Amino acid sequence: MWRGLIETYRDRLPVTDSTPVVTLHEGNTPLLPAPVLSRRLGCDVHLKIEGANPTGSFKDRGMTMAVSKAVEAGNKAIICASTGNTSASAAAYAARAGITCAVLVPQGKIALGKLAQALVHGATLLQVNGNFDDCLSLASKLSQDFPVALVNSVNPDRLHGQKTAAFEIVEALGTAPTSTACRSATRATSPRTGWATRRTPTPGTPRSGRGCTASRRPVPPRS
Ligand SMILES: N[C@@H](CCOP(=O)(O)O)C(=O)O
């Protein structure tokens, strides 16, 4: 049975035997061949279906790490700024860990379905009269002034979790892809995914011969 990212990739993550693993069995998402896009772009395109994660987004990859490490450090509460997916994920993992989750959202600028997920999982919602950056500054200040862990992707543990998508991609393809692309909303994830695919051992393939560029630009068509 799939036991979630931390158990699967613990040799490549900053965890020890004493790290409490907070998991909803995230990861192991399908890598779907995309024939229409492949024809249009002139190369083999695969789509990683991250919506198949427990709360419906790739954020769960990072959140299993961030919440596990927050609990390991003795935190009884986490905080995040969000416009949607991060709040749903943070709330679900906090509920799993039995700790408090506070979510700062820009008033009127959050996806309602995601807001509902956060509330259903018991998060405390603070609406801020400002934009996402204002929420993040406030969340960051609160995490400095109070014993509460910030779980936005400025938290390096989040990025360690999110890089695991690369391990799954390489395992599914049997080799590193030429290029990975993430939508721009995942600023922190794109370089980290490229970093990880470059460093994932691929049996039978010289590692140095397989480059991977994390890019937000489409892959140029083959001539
Ligand atoms: N669009 C994001 C904003 C938070 O990003 P994060 O990478 O810091 O979690 C969201 O889902 O709220």
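Modeller: The protein chain holds nine helices and eight strands, where helices (H or I, at least four residues) and strands (E, at least two) are DSSP runs numbered from the N terminus. This is a predicted model, in which local features need pLDDT of at least 70, side-chain atom pairs count only at pLDDT 80 or more, and totals for chains, interfaces and linings use all residues. Residues are numbered from 1 along each chain as its sequence is written, and side-chain values use heavy atoms, with hydrogens and water left out.

Of the 223 residues in the protein chain, 47% are buried, that is, under 20% relative accessible area (1.4 Å probe, protein chains only). Among contacts (heavy atoms within 4.5 Å) between residues at least 6 apart in sequence, 65% join residues at least 24 apart.

Around the ligand stand K59, S82, T83, G84, N85, T86, F132, N152, S153 and R158, each with a heavy atom within 4 Å of the ligand. This shell comprises one nonpolar, seven polar and two charged residues, with Gly counted as polar, Phe as nonpolar, and Lys and Arg as charged.

Polar contacts are pairs of N or O atoms within 3.5 Å. A ligand oxygen lies 2.7 Å from a side-chain N or O atom of S153, and a ligand oxygen is 3.0 Å from such an atom in the side chain of R158. Taken alone, the ligand exposes 340 Å², of which the protein buries 84%; accessible areas come from the Shrake-Rupley method with a 1.4 Å probe.

Terms used
A polar contact is a pair of N or O atoms within 3.5 Å; within protein, one must be able to donate a hydrogen and the other to accept it, and residues adjacent in sequence count only if both atoms are side-chain atoms. Buried means under 20% relative accessible area, exposed over 50%, partly exposed in between (1.4 Å probe, protein chains only).
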